[in-house]
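Hi there,

Here is the structure I promised to pass along. Please have a look at it first, and then read on for what turned up.

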Amino acid sequence: MFEFCTDPETLDSARWLACYLTTGKHANFYISFGTVLLLLAITAPTALAFGFGGAMAARSRVWPVSWLGKAYIALVRGVPDIAFFLFFVIALDQAFEWVRHQVLCPDWDQPIRQGNDFVVCAAAKLPLSSAPQWVHEVYGFFVAVLTFAIVFGAFSANVLFGAMRAVPRAQLETAEAYGMSRRQTFWRILVPQMWVYALPGLSNLWMVLIKATPLLFLLGVEDIVYWARELGGTANPRFTAYPHGDWRTWYFLALLVFYLLFTRVSEIFLERLMRKLTHGQATTGGMAQAKRGGA
Amino acid sequence: MSCWQTIQDYALRSLGIGERLLPREDFTLCEQVTLIGSGLLWNIYFGTLALLAGFFLATAVAVGKGARNRPVRKLSEWFIFVFRGSPLFIQFFFAYFLFLSLKSHVAFFDPFTSAWLGALIVLFLNTAAYSGEIFHGALRAIPKGDVEAADAYGFSGWSRFRRIVWPTMLRLAWPAYTNEAIFLFHATTLVFFSGFPAWRQKGDALYYANYFADKTFNPFVPYPILAGYFILLTLVIITLFGLINRRLNRHLPQEARRGLRLRVNVIR
């Protein structure tokens, strides 16, 4: 990147470091921070949508739907979510391929599960084996996002379900007294009011989501953990112009600091948002704050 | 091979007792249940020891965070901030590579790079930080009247803390602390995915579940087995903590006793 980088062996330590930190591989490392932010930007609203769906289902009067919604919320409670991550990545992939297989190759007569193999016809493979590398990467990222959204959707469903029940009963009764239908009461009275109750839980969830992003590594995405391991490992002078010992401790220290800063900034921002939302809402705001203080 | 034989071979495999080679093909349901259950021993080991040791440090940190002495207070605040503000996954990686580089200088750090000690220390510090924050909140919620009554009875210093403040703190913090315990046990599944090597394939429940899923390419059997084990484990924890909760609240009138009301608060 810099002009003096042409011969690294002759440099003093400050310049050497400047050159070292701007190699092409390090650019990948910096881009992977963008991957993490992108994941957060896509997952947060998707998970919220999943959560909203789950909470609505759990409130449903039709018992199979409500049972399904409640099971979705309850499952995450007892099982480590890393297990969910590892499970969904394979399960989703196989589910997609299975559906495509049924649609695209109807006259395939062999079983799909043959012993330890999962065999679908070539046209049903996802992504197609002829697809370029970037399609594979995008598909992997897409599956990861979906996995995160399903798991965190269950968490946010729990928060939203609680928030919906926290809206004072009198508000809903008033709406009924005005002759609103169940649907109207839900969309016009319940949903606008529940956010103040949901925000403490949702901001907690946002912090948890930030801290779950390194698990992308387990889902096979080349994220910051992957590059920190890759770049930090002992660099042999035969293969690189910038040989160094085992620096993985330092790389992970950098990641640690990155996450500390990120969560701290989020915390400050969310505090401000809460203060702004509750400002002027003497009743609900006061109740939400009292609830937060008591929880 | 009968299921009984499998249990004899693999029930303690995660500790290195029994058959050395893991099954390689034609996995039976029995093998999967036995091996994943065997791995659960590690989860219980990590969770129990970290929780027990973390409990004492958490109390110290909670008191430290409320201390009037500025260095003590700052130290406790930073301890809690660092361990609660960063992902456990990164903490594991960092600790592992730190111990690895220390090992090359000082032979004393040799055992620290193994999961049984290194990961245990990280989990211990992590749970101490989370529980410390819970206890600190409870300390601030202790009714003023309780402390005043203690003063009136002539309690002071250590005996006031030991007899009045500490039991009340535990009583108030217990529901949240139960949650923390549940999620600590869940967090133990991260250990063997974060640098710490599973020496001779002695791993935890998720390690074996992942092994089977990789080998059979069928996630629909091992992961539900794992889920079943963890739901059982969670129920055991809730029962045990519920018993302690009953004892902590035994002096209160029946009406005022609060059952354990648990909230979802997920991983770190």
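Between chain A and chain B of this predicted model, five residue pairs are in polar contact, both residues being at pLDDT 80 or more. A polar contact here is a pair of N or O atoms within 3.5 Å; within protein, one must be able to donate a hydrogen and the other to accept it, and residues adjacent in sequence count only if both atoms are side-chain atoms. On the side of chain A that touches chain B, α9(A) gives the most, with ten residues. That side divides into 24 nonpolar, seven polar and eight charged residues (Ala, Val, Leu, Ile, Met, Phe, Trp, Tyr, Cys and Pro count as nonpolar, Asp, Glu, Lys and Arg as charged, and the others, Gly among them, as polar). In all, 39 residues of chain A are in contact with 46 residues of chain B, contact meaning heavy atoms within 4.5 Å.

Two of the pairs are in chain A. Asp246(A) and Arg248(A) meet at 2.9 Å, N to O. Glu173(A) and Arg169(A) have their closest N and O atoms 3.7 Å apart, and both lie in helix α6 (residues 169–177), four residues apart, or about one turn. Glu173(A) is partly exposed at 42% relative accessibility, as is Arg169(A) at 48% (buried is under 20% relative accessible area, exposed over 50%, partly exposed in between, with a 1.4 Å probe and protein chains only).

Glu97(A) is another acidic residue to look at. It sits in helix α4 (residues 81–104) of chain A and counts as buried because its relative accessibility is 8%. Leaving out residues up to four places away in sequence, Glu97(A) touches Phe118(A), Val120(A), Ala124(A), Lys125(A) and Leu126(A).

Chain A as a whole has ten helices and two strands (DSSP runs, H or I of at least four residues for helices and E of at least two for strands, numbered from the N terminus).

A note on conventions: residues are numbered from 1 along each chain as its sequence is written, and chains are lettered from A and ligands numbered from 1 in the order in which they are written. Local features need pLDDT of at least 70, side-chain atom pairs count only at pLDDT 80 or more, totals for chains, interfaces and linings use all residues, and side-chain values use heavy atoms, with hydrogens and water left out.

Best wishes

Definitions and conventions:
Salt bridge = Lys/Arg side-chain N within 4 Å of Asp/Glu carboxyl O.
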